[in-house]
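Subject: Structure handover

Hello,

Here is the structure I said I would pass on. My notes on it follow below.

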Amino acid sequence: MWIPQLPRALWWDHNAYYHQWLLRQLPARVDSALDVGCGAGVLASRLADRAGHVDAVDASELMIAKARARTQSVRWLHGDILDETLPLDPSGYGLVTAISSLHHMPLRPALRRLAGLVRPGGVLAVIGLYRLATVTDRAVEVVAVPANAGHGALLATRGMAGKPHDSGMPVQDAMDTFAQIRAAATEITPGAVLRRRLYWRCSLLWRRADHQ
């Protein structure tokens, strides 16, 4: 996906922008949380204030090293979330999050794995990327491009813009369209709320039934 490049002084972190949205979807406290594709550990560290226990996984050794330097209040795991031998909680988690990591994995196996790690009554919250393919996608992009520049300029006036904190994070273009993500979500996480978001993102919010 091509995103118009702003001057470096106006760069900002699109993923961190959605941390606050994600946190607003959650109860004040959860028993346990898992952050998949944790990067430098910013979201997982914030989840540690809301959860009794937090595990965080990333396939990048560099990102896990950065995360471990941030805090010891999270159990940081270097590995592939699709690896069944990864030492995750066998009883699952009350919350599973994934910020801009789902598109790094095969869609259906990854979504099935994330959903399977949610305990009955728990929540799966995903912010993902999708491949632009429709008129609607392009219409959202028309809004996102100037909004991206405007938000960067606003942050710059507050001294909060500049190079994102997660530099060095592996980058990959999204391969799946919004329609393909919707089809997978309908199959694997029935009842999930999936929406296009600004800044080349979409959100998926799913609560697993208590009786499952």
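Among contacts in the chain between residues at least 6 apart in sequence, what percentage join residues at least 24 apart? The figure is 68%. Please keep in mind that this is a predicted model.

Overall make-up: the chain has seven helices and seven strands, and from the N terminus the order is α-α-β-α-β-α-β-β-α-β-α-α-β-β. Of the 212 residues, 49% are buried. The accessible surface is about 10200 Å², with 56% of that belonging to carbon and sulfur atoms.

Aromatic rings: the count is one aromatic pair. The ring centres of Y130 and F178 are 5.5 Å apart and the planes are at 65 degrees; the cut-off for edge-to-face is over 60, so the pair falls in that class. Y130 sits in the loop between β5 (118–128) and α6 (135–157), while F178 belongs to helix α7 (residues 178–188); the two are 48 residues apart, and the pair links distant parts of the chain. Both residues, Y130 and F178, are buried. F178 also has R196 over the face of its ring, at 4.2 Å from the ring centre.

S101: this residue is in the loop between β4 (93–99) and α5 (107–116). Its relative accessibility is 7%, so S101 counts as buried, the cut-off being under 20%. Apart from neighbours within four places in sequence, S101 is in contact with V36 and G37. For V36, the backbone oxygen lies 2.9 Å from a polar atom of the S101 side chain.

Regards

Note on methods
Residues are numbered from 1 along each chain as its sequence is written. This is a predicted model: local features need pLDDT of at least 70, side-chain atom pairs count only at pLDDT 80 or more; totals for chains, interfaces and linings use all residues. Side-chain values use heavy atoms; hydrogens and water are left out. Helices (H or I, at least four residues) and strands (E, at least two) are DSSP runs, numbered from the N terminus. Buried means under 20% relative accessible area, exposed over 50%, partly exposed in between (1.4 Å probe, protein chains only). A polar contact is a pair of N or O atoms within 3.5 Å; within protein, one must be able to donate a hydrogen and the other to accept it, and residues adjacent in sequence count only if both atoms are side-chain atoms. Contact means heavy atoms within 4.5 Å. Accessible areas come from the Shrake-Rupley method with a 1.4 Å probe; for residues, only the protein chains shown count as cover. Rings of Phe, Tyr and Trp (its six-membered ring) pair if their centres lie within 6.5 Å; planes under 30 degrees apart count as stacked, over 60 as edge-to-face and the rest as tilted. A charge sits over a ring if NZ of Lys or CZ of Arg is within 6 Å of the ring centre and within 35 degrees of the ring normal.
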